[in-house]
Amino acid sequence: MNAPDRFPPWQRRPLQAALSALAEGRLGHALLLCGPESMGKREVARVLAARLLCATPGGDGLACGHCRGCDLFAAGTHPDLQPVSYAINEKTGNPRSDIIVEQMRELSEWFALTPQLGGAKVALIQPAEALNAAASNALLKTLEEPSRDRYLLLVSDRPGQLLATLRSRCQRLEFRLPPAEEAHAWLAACGHREPALGRALHAARGHPGLAAEWLEQDGLALRESVRKGLEALAAGREPPVALAQAWLADERAALRLRFAAELALDSFAAGVGAGGRDRLTTPADFPKLSDWFDAINLARAQLQVPGLRHDLVLAGLLLEWRSLMGRERGRA
Ligand SMILES: [Zn+2]
């Protein structure tokens, strides 16, 4: 049984490990899919969830794609699949910045119910590092009483931020950056050519998924347009709402936010290097800049959650940028 070749090697390895464990009856009830971002952890988690919910798995060890469970899964309406992520704060109408204990209590109640299709029940928690302390403890209780055919898939870019006791309860599926030759070969097989391929892989520090994003989404030009957008925002030439809408106008919002985070870091480093003189930032602003950096990472995670008001998330973030950088500009 082999996980099909359509998965790149760095996804195939953890997927194969999970499928083998399942076939041999040693798959844990709680799995932690972890590793750097853009390695395909979410996709593999979905493939695993589909397999666990499939009534008649194929010879390749994956979901068959045509049973009732697979149909419902594909339609996004499988009653025994529960995705958990940032929810809306009902008081404010805004997305929350963490996963809270009430969500884990609901999950525990949901797990206790009989599966509607008579098979497994699967919960998909992402990003798992968003679980706050109370939620993590509630989840631990659920894990202490594992029941048959109940699976919990946790997905995290930053497993170090999970509660240690929670982490140690999970079977880990690690996604690791591949050797350079493997990354090169995969990008070439995707149709990318030198010298752009090598440059993108270098800029992405050996991360093939990121390099592919750069190559496919014209990363260099996009990074420059993000820099200009933030500059116009700080100078008061571009309102936050308009910039947020422009950034959401195509599929590249996540990549724009990655660049915005990098630019914030560059700005931070430049401020340190120059002792804060003649720079966008002064040492007094570093904590605010680092808050903003955290806010970008949160927004990037929230952009992946369907049903949230992404325009509000982004406009709020850009407003903070303007108040941070705009004031500095005014002083200079
Ligand atoms: Zn099926």
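1. Basis. The model is predicted, so that local features need pLDDT of at least 70 and side-chain atom pairs count only at pLDDT 80 or more, while totals for chains, interfaces and linings use all residues. Residues are numbered from 1 along each chain as its sequence is written, and side-chain values use heavy atoms, with hydrogens and water left out.

2. Zinc site. The zinc ion has as its protein donors the SG atoms of Cys54, Cys64, Cys67 and Cys70, at 2.2 to 2.3 Å; donors are N, O and S atoms within 2.8 Å of the metal (3.2 Å for Na, K and Ca), and since water is not among the atoms, sites may look incomplete. The angles subtended by the 4 donor atoms run from 105 to 115°, which makes the arrangement tetrahedral, a label that for four donors requires all angles to lie between 85 and 135 degrees. The ideal angle for four tetrahedral donors is 109.5 degrees.

3. Sequence context of the donors. Along the chain the donors follow the spacing C-x9-C-x2-C-x2-C. Cys54 and Cys64 both lie in the loop between helix H2 (41-53) and helix H3 (68-75), so the pair ties together parts that are 10 residues apart in sequence; helices (H or I, at least four residues) and strands (E, at least two) are DSSP runs, numbered from the N terminus. Both Cys54 and Cys64 are buried, where buried means under 20% relative accessible area, exposed over 50% and partly exposed in between (1.4 Å probe, protein chains only).

4. Helix H11. In H11 (residues 240-247), the buried residues include Pro240, Leu243, Ala244 and Trp247. Viewed down the helix axis, the buried residues of H11 fall within an arc of 105°, so they line one face of the helix; the arc is that of the directions from the helix axis to the C-beta atoms.

5. Largest pocket. The volume of the largest pocket is about 1100 Å³, and of its 42 lining residues the closest to the centre are Glu37, Ser38, Arg42, Ala254 and Gln304. A pocket is here an open set of points on a 1 Å grid over the protein atoms alone, where a 1.4 Å probe fits, with protein on both sides within 12 Å along at least five of seven lines, and lining residues have an atom within 4 Å of a point. A volume is the space filled by probe spheres set on the points, which are joined across faces, edges and corners. Helix H13 (286-303) is among the elements that supply at least two lining residues, and H13 gives the most, with 6 residues.

6. Second largest pocket. This pocket has a volume of about 530 Å³ and is lined by 21 residues, with Pro83, Val84, Ser85, Leu124 and Pro306 nearest its centre. Elements giving two or more residues to this lining are H2, strand S2 (81-84) and helix H4 (101-112), and S2 gives the most, with 4 residues.

7. Backbone points to check. Cis peptide bonds join Gln126 and Pro127, with omega about -5°, and Glu194 and Pro195, with omega about 0°. Arg205, which is not a glycine, has a positive phi of about 50° and counts as exposed at 70% relative accessibility. Asp218, also not a glycine, has a positive phi of about 55° and counts as partly exposed at 47%.

How values were computed:
Tetrahedral: all angles 85-135°; square planar, octahedral: opposite > 155°, others 65-115°.
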